[in-house]
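Take a walk through this structure. The text below goes region by region.

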Amino acid sequence: MKYPPSLVSLIRELSRLPGIGPKSAQRLAFHLFEQPREDIERLASALLEAKRDLHVCPICFNITDAEKCDVCADTSRDQRTICVVEEPGDVIAIERSGEYRGLYHVLHGVLSPMNGVGPDKLHIKPLLPRVQSGMEVILATGTTVEGDATALYLQRLLEPLGADISRIAYGVPVGGSLEYTDEVTLGRALMGRQKVSRT
């Protein structure tokens, strides 16, 4: 049985979204078909509105609908600390922790020579003028091979600028059991151990 061309087109477009394979795209297409027209129009309107209004912050490259993002516009934030992340979603995750009050810089990806992503494809160059001697730059890229390679590349690039470079800690998740923790995570947790103060 052949699907109608409009359904095939919808499935094809949905499958272009990250993390959505052909089967998921098909499920989504059928789900959307069953929704009332108003809901579909609202979704289409939200997509068009987001595309029209959102852009990257000219300072940190986070997503915003204002001249600059909320973090860059907030003068009460620690101006001597920059946390470098891969994607805008990472900023939201760190902000949710409530533990960080500095600035951000969003790379929009990681170095991946196999996929043709070199330093020129990331927002690395605009980071350099933001870094001053004595500042702390926190490298908060992922723990993948590409994330580690990107962090190492940035470290070598930023150290001559006189910045204090740090890397986010790796380790056992809160509430996690050592028995079920993979070897790499456990090894990094042991390497990054901290002294317990006697108070």
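Start with the span 80-173. Its end C-alpha atoms lie 29 Å apart, and the span is 26% helix and 20% strand. Helices (H or I, at least four residues) and strands (E, at least two) are DSSP runs, numbered from the N terminus. UniProt, in an unreviewed entry, places the feature "domain: Toprim" at residues 80-173. UniProt positions follow the numbering used here, feature names are shortened, and annotations may be inferred rather than shown by experiment.

A word on the source. This is a predicted model: local features need pLDDT of at least 70, side-chain atom pairs count only at pLDDT 80 or more, and totals for chains, interfaces and linings use all residues. Residues are numbered from 1 along each chain as its sequence is written, and side-chain values use heavy atoms, with hydrogens and water left out.

Now the sheet. Four strands form an open sheet in the order E4-E3-E5-E6, with parallel pairing. Strand E4 (102-106) and strand E6 (164-167) stand at the edges, each with a single partner strand, so one side of each has no neighbour in the sheet. On average, neighbouring strands of this sheet are turned by 25° against each other, direction ignored. Two strands pair if DSSP finds at least two bridges between them.

Follow the bridges. E3 and E5 run parallel and are joined by four bridges. Threonine 81 stands opposite glutamate 136 in E5. Strand E5 (residues 136-139) also pairs with E6 in the parallel sense, over four bridges. Here isoleucine 138 has serine 166 in E6 as its bridge partner. Leucine 139 stands opposite arginine 167 in E6.

H5 lies across strand E3 (78-85) and E4, and runs at about 155° to E4. Axes are lines fitted to C-alpha atoms, for helices over the stretch in contact (heavy atoms within 4.5 Å). Angles run from 0 to 180 degrees between N-to-C directions.

Helix H5 (residues 88-97) also gives the largest share of the lining of the largest pocket, three residues. A pocket is found on a 1 Å grid over the protein atoms alone: an open set of points where a 1.4 Å probe fits, with protein on both sides within 12 Å along at least five of seven lines. Lining residues have an atom within 4 Å of a point. The largest pocket has a volume of about 300 Å³, where volume is the space filled by probe spheres set on the points. Among its lining residues are Cys83, Ile138 and Arg167. The lining divides into eight nonpolar, one polar and two charged residues. Ala, Val, Leu, Ile, Met, Phe, Trp, Tyr, Cys and Pro count as nonpolar, Asp, Glu, Lys and Arg as charged, and the others, Gly among them, as polar.

Where does the lining of the second largest pocket come from? Helix H1 (5-14), helix H2 (22-34) and helix H3 (37-53) each supply at least two residues. H3 gives the largest share, four residues. This pocket has a volume of about 240 Å³. Its lining has nine nonpolar, no polar and one charged residues. Glu13, Leu28 and Leu43 are among them.

One annotated stretch remains. UniProt lists residues 57-72 as "zinc finger region: C4-type", in an unreviewed entry. Over residues 57-72 the chain is 19% helix and 12% strand, and the end C-alpha atoms are 8 Å apart.
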